[in-house]
Amino acid sequence: QHQHQHQHQHQGPAPVSLAPTWITHTAFLLLILYVMLDSKAKVDRSTAQLRYYREEESRVNAKIADFEERARQLAVETERLRRDNEALEELKAEQLARLAKLDDEEGMVAAIEKERTKMLHRDSIIRNQVQVLQGRIQIESRREATDKFGPGRHVVEVDLMFPERLPTHDEETGRPLPTKFHIEMASLADMPHTVQLFLEQVHHGLWDGCAFVWNPDHLVLASPHVHAEEVVDEDTGETRMEVFEDDDKREDFVESGYTSVSFQEYSPNFPHRQYTLGYAGRPGGPNFYINMQDNTRVHGPPQLNLTEDDEVDADPAFGKVVAGFDAVERLHALPTKTGGSGWQKDSFADDIIIRYAKILPQQAEEE
């Protein structure tokens, strides 16, 4: 018994288990390691995204710089052609003054023929230079249109607002009367410069709130000489188009830089057939019209034009109505003002507001 008590006194307190503490420390270390690895992964992803955005910014800046350089070159070329043309006009004036002083009839005829040959030669050079410049504009327009709007097929939807006094539904069927039509643009291979101009006008909303104002027998013409905006009626909460008197949207076109074409682009592959669109004016734009009949002989190139002036350029034809013909015919059937002459004679009795014009997405256009 004494020995047993002696042994019991030397054993001391029971040892404490260290297993839970070791596991806790290990788990804590693993948690810290996970957090560090996760943070590193996030940092790597953020770094990769930042690198991508910087590379994208560099590409965009490079593209902008390239475009600005091309624009500068075109401006330089245009200015050079202008100076050449002024020099030619001065030369013509000088030579005509010299010829007027010649007394010898035979010498005068010879001198005139010689100067005529020189002028024809210079004129040929200038025409070639102009054609080169026009070709460059077409190449640049096609590149820009493809980059921004895709290679095609490009379709624009136009929604019209007819006067409120007119019926909105068919009396027999009760269906809403048509207000929309679709325009398919000409191929960028045929009319790149003009198509790009119209797509940019639509993209920037320049035609929203303009109107169809002229309605002769052979066409209907839209113009920015009217300014309307969609407003909400405070009493009913309904939206309506309000026309602003003594105001128009011509300044918006000027400020955007998309007023008219740089030259009268024309392709025999896209003549002024019925339901095609063309730009009016010299240079063409911003007014455009829908041909309500085949107007190739009226608005086409000189060899087809009814006039005898071989210097008359064709109007650019750049699109055609492919859907909503009933809306276009409804537009054309509206009355014009009585009395007056010229433009007033064939002006719509009420301006037909363009509620909107928008480029349809490919999917929506196919549907």
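## The second largest cavity

In this structure, the second largest cavity is lined by V156, V158, F198, V202, W207, F288, I354 and A357. Strand 1 (155–161), helix 4 and strand 10 (347–359) are the elements that each give two or more residues to this lining. The model is a predicted one, and the space in the second largest cavity comes to about 40 Å³. Sorted by class, the residues of its lining are 8 nonpolar, with no polar and no charged residues.

## The largest cavity

How many cavities of 30 Å³ or more does a search of the whole structure find? The search finds 2 of them, and the largest cavity holds about 50 Å³ of space. Its lining is made up of P163, R165, L166, L334, P335, F348, A349, D350 and I352. When these lining residues of the largest cavity are sorted by class, 7 are nonpolar and 2 are charged, while none is polar.

## Helix 4

Helix 4, which gives residues to the lining of the second largest cavity, covers residues 192–203.

A residue counts as buried when its relative accessible area is under 20%, and the buried residues of helix 4 are P192, H193, T194, V195, Q196, L197, F198, L199, E200, Q201 and V202. Two of these buried residues, F198 and V202, are also named in the lining of the second largest cavity. Just after the helix, G205 takes a positive phi of about 70°.

## The second largest pocket

Among the 17 residues that line the second largest pocket, S141, E144, H193, Q196 and S262 are the closest to its centre; H193 and Q196 are buried residues of helix 4.

By class, the lining of the second largest pocket divides into 7 nonpolar, 6 polar and 4 charged residues, whereas the lining of the second largest cavity has no polar and no charged residues.

Notes:
Residues numbered from 1 in each chain as written. Predicted model: local features only at pLDDT ≥ 70, side-chain atom pairs only at ≥ 80, totals over all residues. Heavy atoms only, no water. Helix = DSSP H or I, 4+ residues; strand = E, 2+ residues; numbered from the N terminus. Expected span 1.5 Å × (residues − 1). Buried < 20%, exposed > 50% of the residue type's maximum accessible area, 1.4 Å probe, protein only. 1 Å grid on protein atoms, 1.4 Å probe; cavity = no way out; pocket = protein on both sides within 12 Å on 5 of 7 lines; lining within 4 Å. Points joined across faces, edges and corners; volume = space filled by probe spheres on them. Nonpolar A, V, L, I, M, F, W, Y, C, P; charged D, E, K, R; others polar.
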